[in-house]
Amino acid sequence: MRALLIEDDPLLGDGIKTALEREGYTVDWFMLGREAISAIGSETFSVIILDLGLPDMDGMQVLQLLRQQSTLPILILTARDAMEDRIGGLDAGADDYVLKPFNLQELLARLRVVMRRAEGRASQILTLGALSIDEARHAVSWRGKDVKLGRREYALLLELARHPDRVLSRPRLENLLYGWGEEVESNAVEVHIHHLRKKLEKHLIINVRGIGYRLDSQAR
Amino acid sequence: MISIRRYLLRTLAIALVLAGGVAFTAAYLITDHELEEILDTQLSLHSRIVAGQLDPNATIDDYARLASHLGLPEYPAQLYRDGIAVPVNSPESSPKLYHEEELKLVLGFWNSDGSPRLLGGKWNDAGPFPAPLEEGFRWESYDGHRWRVFSMFDITTDTWISMGLRGSFHDEVVERITWNNLLPMLFLLPLLLWLMSRIIRRGIVPIQALSSQVQGRSARDLSEIDNPVPQELNGLRQSLNDFIARLKETLERERRFTADAAHELRTPLAALRIHLDNAQAGGEQSLQKAYIGVERLQRVVEQLLILARLDQVATTSSATIDLYPIIAELVAELWPLAEERDQHLRLTGLTRLEVRADEIEVGILFRNLLDNALRYTSEGGQVEVELALWEGLPQLTVRDTGPGLPEALLDKVTERFRRASGQGTTGSGLGLSIVSELVQRQQAILTLTNREPSGLEVSVRWERVYACAS
């Protein structure tokens, strides 16, 4: 899962990035709204986290511009607890808001909810044939048995499972693993997919030559 | 304050009654005077006619005949010879018909020596009426009544002639005329008062309308008062609207301040919390970052408290102080901060500079300025503090080689929670706001200018200068 974080406060941004990465997210962090808006046109994200108190543009303005360009789920962080501020944020296109200071678990839960809602799911347990993924606990089970996965393996599997039977390109999966602007080892995706196939089932993840990978939702 | 309606009604009613009273008194006095003149004219005219009719050779019999004509039943005229009353025998010619009022008008004749000759009926009741001593009008008291008397001396007949009118006749006429004037006024007065109260009530309706419009507002309604008012209330409405506008502005500023304060307090708190969460999950550097969060929070809270205290205390107790030791002390205190970031911090200029200000406030002011300069200047940069006299005025200047400020922000950074954007540094956004507050309290002037090629120069110039003691 790749998250776009727009947070002007260095200390808070650093904390959120660290926490999300520990949870298996890849985080692209921008301090200014306009940089984030230009990034959204060129990269693929699962969710946007926006702090409404940005220095270069009014947070609401950033929110509206983001909404014009993207249908991604947007979670806003705000220190303004007045009713009109909260309603204004939701009306401007945010999917949910979290009041500062927030509980980390609540932030993670709300992120899962907005992403799930964007995919049209109601439950936090993703089930495809014999595969089931509990997003809250980061637990994966195959044919009823729990499987231990590394952070990057989990991120890859979740992304594939979220778009079952659809081919996800290799660059997209690479971006997911390392985030924006970082170096990617050329065979990293292949290595992690190989590990996943070994731990689960060889035919679960199908290699589409020259393009990328897809997850077979019928695999048992 | 009593109500305008009651005040108007009361004072107008009093004025009306007073005016009525004055009019009544004036009418009484004028009638009294005019009537006296008319009656006097008649007295003198009739006296002259009588004098003209007198025969110089008239005998006592002629007077007896005149007496019988002048006499009224029960009040016969009296004829005198050598001061002694002589009975008049022929009353058959005396009138049977006469008007009651005739009793109040009497004619009398005296000899030149003052002895009575012939006196009308009423002037004999208590002895002969007093003889005239000189010609003209006079008031005379006789038999318990006042008489208005005209006297003249006729040389041809060697006779004093007096004609008198009883005072009560004159008084009655005056009273009757005055009452006739007063009565309609007495009937009109209540009607006038009632009309007045109606008019006043109608006249102050716009005041009540305006006040009920203001009264009926909710505390959050800060829209303009726009219903039409009469000219006299235009000014009041205008000032009310101006006041509402000012209130709106103040509330808006307060609202923004609260929102900004919430942001500045909650953001480091959120950062602190998430770093603690991270530390608990095993992040090694997170605990250290949490400390940074605590420090930031502490700084915001302290500055908020300073501002709150400054807002509370209206005036500063200012004495003449020397800036140099205070500034030098603070520069020394912040030296390690500069050293840590390899910044070059210098104190230049005068070593004695007296200003009229509060020592503690100057300390807070300068600490904020220097703190800002160090904070926004990159590692290895330069910060210079200078004490100088600028056109005879004491001036404190802090120059840095930081990024400076966008021109558009130069006037605005002194607003609370204003911070230049895109800075990696985290300030509370309150520092310059505190500085500007303190500068205002000391009646000094704060100037912010960008330096070439980059950097910011902040100077504080004290306007009130006092002669140096040394």
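## Basis of the model

Residues are numbered from 1 along each chain as its sequence is written, while chains are lettered from A and ligands numbered from 1 in the order in which they are written. Because the model is predicted, local features need pLDDT of at least 70 and side-chain atom pairs count only at pLDDT 80 or more, whereas totals for chains, interfaces and linings use all residues.

## The site at Asp51(A)

An unreviewed UniProt entry lists Asp51(A) under "modified residue: 4-aspartylphosphate"; such positions follow the numbering used here, feature names are shortened, and annotations may be inferred rather than shown by experiment. Asp51(A) belongs to strand S3 (residues 47–51) of chain A, strands being DSSP runs (E, at least two residues) numbered from the N terminus.

Asp51(A) is buried, with 25 other C-beta atoms within 10 Å, the cut-off for buried being 20 or more other C-beta atoms within 10 Å of the residue's own, with C-beta atoms placed from the backbone. Not counting residues up to four places away in sequence, Asp51(A) is in contact (C-beta atoms within 7 Å) with Ile6(A), Glu7(A), Asp8(A), Gly59(A) and Leu77(A).

## The sheet

In chain A, five strands in the order S2-S1-S3-S4-S5 form an open sheet with parallel pairing, where two strands pair if DSSP finds at least two bridges between them. Strands S2 (26–30) and S5 (96–99) of chain A each have a single partner strand, so one side of each is left without a neighbour in the sheet.

Methods
Helix = DSSP H or I, 4+ residues; strand = E, 2+ residues; numbered from the N terminus. Buried ≥ 20, exposed ≤ 12 C-beta atoms within 10 Å, placed from the backbone. Contact = placed C-beta atoms within 7 Å.
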